[in-house]
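Take the stops in the order given.

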Amino acid sequence: MTKQVPSVSVNYAANGSSTKSNELGMREMQEGAYEKRGEQYLLIKSPPASGKSRALMFIALDKLYNQGLRQAIVVVPEKSIGSSFNDEPLSKYGFWADWTVQPRWNLCNAPGGDDGKVGAVGKFLASDDKVLVCTHATFRFAVDKFGIEAFDDRLIAVDEFHHVSANPDNKLGTHLGALVARDKVHLVAMTGSYFRGDAEAVLSPEDEAKFDTFTYTYYQQLNGYKYLKTLDIGYFFYSGSYADDILKVLDPTEKTILHIPNVNSRESTKDKHREVEHIIDALGDWQERIPSQAFSWSRRPRSGCCASPIWSMMNRPSGTRCPTH
């Protein structure tokens, strides 16, 4: 028997304010962050997809060309996120400069290991070029090799800042604490969630007090979408295996996107294929899998109608639909 799931319902203005751009090509969140561009230490708290990457571009360009900083180093947690800081023709939308990263200085795209990339950081620091993008790991190793003072008069922008910790065992946090103590860099920290799952402090109270904070809330972001009018958030507590209890709350008659736990998480059974198969079996009678569409099709029990397609591990091509209807 399907359980009733408690829910919270929120209504939104749907006025499009969070997606509209001003005369400089900045959305609401980016405009607010840019107003604080003169701060030496800036912490930006803003939801995913709100435009933090482009906000950083605006701020970094001002620091490079109007505030006298020599270079900007953008530090991301993993290589795939480096693409968020690819070239952007900002002047096309009204800004006074474009964001440009020379291919050799986007180390997230560079082949090889961190040893070669750390050497590239050293070459960048000795050059007259303006922007480098690298991973947290490359930056940590570069600080180890070249020392804190090598980064004087530069902007260090750290994406996904909640990866930092005040715990002495967190090397990135230790290096950033040393940079703040030396007080000869500018720091922009960006995060969608300023907390850590292990309950460690992101920054020490003394360091955090030096940061000016710009906060753009989830409500502001969602309230300013054009078409989102209402959001219902349901919750259901369980014990044991999630793959069993989730079947008590799924409704095969409704469109559903199911995000199963990461295989490395505590909730995972460590066999994601078996989890997906278990859920598909409960939703209906499996019919076929269409490789070109990355879908498995099933029929709902009793009604015989096609259930929503089950999508797993690959993106759905556009234009796909139920082969029966």
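Which residue in β4 is the bridge partner of Val74? Select Val74 together with β4, and you will find that the partner is Val133. The chain crosses from β3 to β4 through helix α3 (residues 114–125), and this β-α-β crossover is left-handed; a crossover is called right-handed if, with the strands pointing away from the viewer, the path from the first strand over the helix to the second runs clockwise.

Before going further, note that this is a predicted model, in which local features need pLDDT of at least 70 and side-chain atom pairs count only at pLDDT 80 or more, while totals for chains, interfaces and linings use all residues. Residues are numbered from 1 along each chain as its sequence is written, and side-chain values use heavy atoms, with hydrogens and water left out.

**The paired strands**

Now select residues 71–76, which are strand β3, and β4 with it: the two pair in the parallel sense over five bridges, pairing being assigned if DSSP finds at least two bridges between two strands. Helices (H or I, at least four residues) and strands (E, at least two) are DSSP runs, numbered from the N terminus.

Buried means under 20% relative accessible area, exposed over 50%, and partly exposed in between, with a 1.4 Å probe and protein chains only. If you display the side chains, Val131, Val133 and Thr135 point one way from β4, whereas Leu132 and Cys134 point the other way.

**Salt bridges**

A salt bridge here is a side-chain nitrogen of Lys or Arg within 4 Å of a carboxyl oxygen of Asp or Glu, and by this rule the count comes to eight.

Select Glu88 and Arg54, whose closest N and O atoms are 2.7 Å apart in one of these salt bridges. Glu88 lies in the loop between β3 and α3 and Arg54 in helix α2 (residues 52–65), so the pair ties together parts that are 34 residues apart in sequence. Glu88 is partly exposed, at a relative accessible area of 23%, and Arg54 is also partly exposed, at 24%.

Next select Asp152 and Arg182, a salt bridge with its closest N and O atoms 2.8 Å apart. This pair links distant parts of the chain, with Asp152 in the loop between α4 (136–146) and β5 (154–158) and Arg182 in helix α5 (residues 171–182), 30 residues apart. Asp152 is buried, with a relative accessible area of 13%, whereas Arg182 counts as partly exposed at 35%.

Then move to Lys248 and Asp245, which form a salt bridge whose closest N and O atoms are 3.2 Å apart. Lys248 counts as partly exposed at 32% relative accessibility, while Asp245 is buried at 12%.

**Helix α9**

Finish by selecting residues 272–283, helix α9, which has 12 residues and reaches 17 Å from its first C-alpha to its last, close to the 16 Å expected at 1.5 Å a residue; the expected span is 1.5 Å times one less than the number of residues. Colour Glu275, Val276, Ile279, Ile280 and Leu283, which are buried. They cover an arc of only 130° around the axis, which puts them on the same side of α9, the arc being that of the directions from the helix axis to the C-beta atoms. On the other side of α9, look for Arg274 and Asp281, which are exposed.
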